[in-house]
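I opened my notebook to look around this structure, one feature at a time. Here is what I looked up.

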Amino acid sequence: MTTVIIVDDHSIFRSGLRADLDGSIEVLGEAASVDEAVALIAELRPDVVLLDVHLPGGAGGGGAEVLQRSSALLDSVRFLALSVSDSAEDVVGVIRAGA
């Protein structure tokens, strides 16, 4: 079973995403900010992190900051960027950081 952490600052989005995930995916936890995400990822070490591009907390770096602060885990954890933004820069930043 694939393990996942959902990281988004909107609880309704996290709830909807959790409800839509396949039964072969186990959600280990959820985070709503950069600091919460970094701590949860380090503690639970999921297979995948579904990561919002825009997040509060930390130094203001959003999803890219989560990736930078979790860089030691990039070989074992996969990060998938989520965004409703139309801005290419939003997504490019997290891709450059390792998503």
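Why is strand β3 largely enclosed by the rest of the structure?

**Entry 1: burial of β3.** I am working from a predicted model, so I keep that in mind throughout. I checked residues 48-52, which make up β3, and 5 of the 5 are buried, so the strand is largely enclosed by the rest of the structure. For burial I used the cut-off of under 20% relative accessible area.

**Entry 2: the two faces.** I reminded myself that side chains in a regular strand alternate between the two faces of the sheet. I then sorted β3 by side: Val48, Leu50 and Asp52 lie on one, Val49 and Leu51 on the other, and all are buried, so both faces are covered.

**Entry 3: the neighbours.** I looked up the strand partners next. Strand β1 (residues 2-7) runs parallel to β3 and is joined to it by 4 bridges; there I found Val4 opposite Val48. With strand β4 (residues 78-82), β3 pairs over 5 bridges, again in the parallel sense. Asp52 has Leu82 of β4 as its bridge partner.

Entry 4: I followed the chain and noted a right-handed β-α-β unit made by β3, helix α3 (residues 62-69) and β4.

**Entry 5: the largest pocket.** Which residues line the largest pocket? I listed Asp8, Asp9, His10, Phe13, Asp52, His54, Leu82, Ser83, Val84 and Ser85. By class I wrote down 3 nonpolar, 4 polar and 3 charged residues. The volume of this pocket came out at about 150 Å³.

Methods:
Residues are numbered from 1 along each chain as its sequence is written. This is a predicted model: local features need pLDDT of at least 70, side-chain atom pairs count only at pLDDT 80 or more; totals for chains, interfaces and linings use all residues. Side-chain values use heavy atoms; hydrogens and water are left out. On a 1 Å grid over the protein atoms alone, a cavity is a set of points where a 1.4 Å probe fits but cannot get out, and a pocket is an open set with protein on both sides within 12 Å along at least five of seven lines; lining residues have an atom within 4 Å of a point. Grid points are joined across faces, edges and corners, and a volume is the space filled by probe spheres set on the points. Ala, Val, Leu, Ile, Met, Phe, Trp, Tyr, Cys and Pro count as nonpolar, Asp, Glu, Lys and Arg as charged, and the others, Gly among them, as polar. Buried means under 20% relative accessible area, exposed over 50%, partly exposed in between (1.4 Å probe, protein chains only). Helices (H or I, at least four residues) and strands (E, at least two) are DSSP runs, numbered from the N terminus. Two strands pair if DSSP finds at least two bridges between them. A crossover is right-handed if, with the strands pointing away from the viewer, the path from the first strand over the helix to the second runs clockwise.
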